[in-house]
Amino acid sequence: MATWSGIRRKLEMDYLAPCLRGHIQYYVTTYTNSHDREGRAAIRYDGKEILKGCYWNNWTKADQFPKDETYETRKNIEMAYMDDTALKLGIFDQRCFYSAFEEFDNQAIEKSLLSQNLLVRIFALLDRRVGKRKLMQMRESMKSQPEMVRLFYDIRVRAEGLL
């Protein structure tokens with residue numbers, strides 16, 4: 001795996017749409033002095049953390065997951081569902097971020113826009129390869145997307161001056 005500085009450079013310089021440069025920052029840290037070397041990850045927009053997750057949220061907020069058919073899988077399998085519930089509760093950590101980047105970095109942008117992993121989809125929405133025409137084509141389908149995806153879509157559309 002690449003270093004965090006290399007990943008961050010790719011996300012913020014190589015992939016990020018020009019209209020978002022200087023506005024979107026990716027943040028990941030690993031607490032090297034903790035006994036288990038866990039950490040956190042975030043995406044900032046103009047200095048404010050829009051999306052943030054931390055390993056400890058996995059334990060402290062696990063009871064807030066809906067008790068549906070995926071509940072046991074969520075509790076027992078790491079990174080089982082990177083869906084809207086996990087993103088809103090911040091139940092992901094730096095490893096989830098790295099995993100999402102690896103998927104994003106190794107597939108076509110069209111596939112990333114349809115990924116089951118919402119972090120991958122968010123990376124794709126902020127990507128320079130998604131042009132204004134594609135953003136406009138996605139407008140209607142965004143109504144049925146999870147809240148976090150719609151939030152980043154709105155950020156991108158506003159930055160492009162399409163609203």
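Modeller: Start with a cut-off: buried means under 20% relative accessible area, exposed means over 50%, and partly exposed lies in between. Keep in mind that this is a predicted model.

Biologist: Why is D46 called partly exposed?

Modeller: Its relative accessible area is 47%. That value falls between the limits of 20% and 50%, so D46 is partly exposed.

Biologist: What is the overall make-up of the chain?

Modeller: Nine helices and three strands. From the N terminus the order is α-β-β-β-α-α-α-α-α-α-α-α. Of the 163 residues, 46% count as buried.

Biologist: What makes strand β1 largely enclosed?

Modeller: Five of the seven residues of β1 (residues 24–30) are buried, so the rest of the structure largely encloses this strand.

Biologist: How do you know that β1 pairs with β2?

Modeller: Pairing needs at least two bridges, and β1 and β2 have seven, so they pair. The two strands run antiparallel. I24 stands opposite Y45 in β2.

Biologist: Why are C54 and C96 both called buried?

Modeller: C54 has a relative accessible area of 15%. C96 has 5% relative accessibility. Both values are under 20%, so both cysteines count as buried.

Biologist: Which residues touch the most other members of the largest nonpolar core?

Modeller: Y26, I43, L51, F97, F104 and F123, in a core of 41 residues. Elements giving two or more residues to this core include α1 (4–15), β1, β2, α5 (94–105) and α9 (147–160). The largest share, seven residues, comes from α7. A second, separate core has five residues, among them F65, Y71, A86 and I91.

Biologist: What is F97 in contact with, leaving aside its neighbours within four places in sequence?

Modeller: Its partners include W4, L11, Y26, V28, I43, L119 and F123.

Biologist: How many aromatic pairs are there?

Modeller: Seven.

Biologist: Why is the pair W4 and F97 called edge-to-face?

Modeller: Take the distance before the angle. The ring centres are 6.2 Å apart, and the limit is 6.5 Å, so the rings pair. The planes stand at 65 degrees, which is over 60, so the pair is edge-to-face.

Biologist: What makes this a link between distant parts of the chain?

Modeller: W4 is in helix α1 and F97 is in helix α5, 93 residues apart. Both W4 and F97 are buried.

Biologist: Which residues do ring pairs link into a cluster?

Modeller: W4, Y15, Y26, F97, Y98, F104 and F123.

Biologist: What makes R44 a charge over the ring of Y27?

Modeller: R44 lies over the face of Y27, at 4.5 Å from the ring centre. The distance limit is 6 Å, and 4.5 Å is within it.

Biologist: What share of the contacts with a separation of 6 or more comes from residues 24 or more positions apart?

Modeller: They account for 52% of those contacts in the chain.

Technical notes:
Residues are numbered from 1 along each chain as its sequence is written. This is a predicted model: local features need pLDDT of at least 70, side-chain atom pairs count only at pLDDT 80 or more; totals for chains, interfaces and linings use all residues. Side-chain values use heavy atoms; hydrogens and water are left out. Buried means under 20% relative accessible area, exposed over 50%, partly exposed in between (1.4 Å probe, protein chains only). Helices (H or I, at least four residues) and strands (E, at least two) are DSSP runs, numbered from the N terminus. A nonpolar core is a set of buried Ala, Val, Leu, Ile, Met, Phe, Trp, Tyr and Cys residues joined through side-chain atoms within 4.5 Å. Contact means heavy atoms within 4.5 Å. Rings of Phe, Tyr and Trp (its six-membered ring) pair if their centres lie within 6.5 Å; planes under 30 degrees apart count as stacked, over 60 as edge-to-face and the rest as tilted. A charge sits over a ring if NZ of Lys or CZ of Arg is within 6 Å of the ring centre and within 35 degrees of the ring normal.
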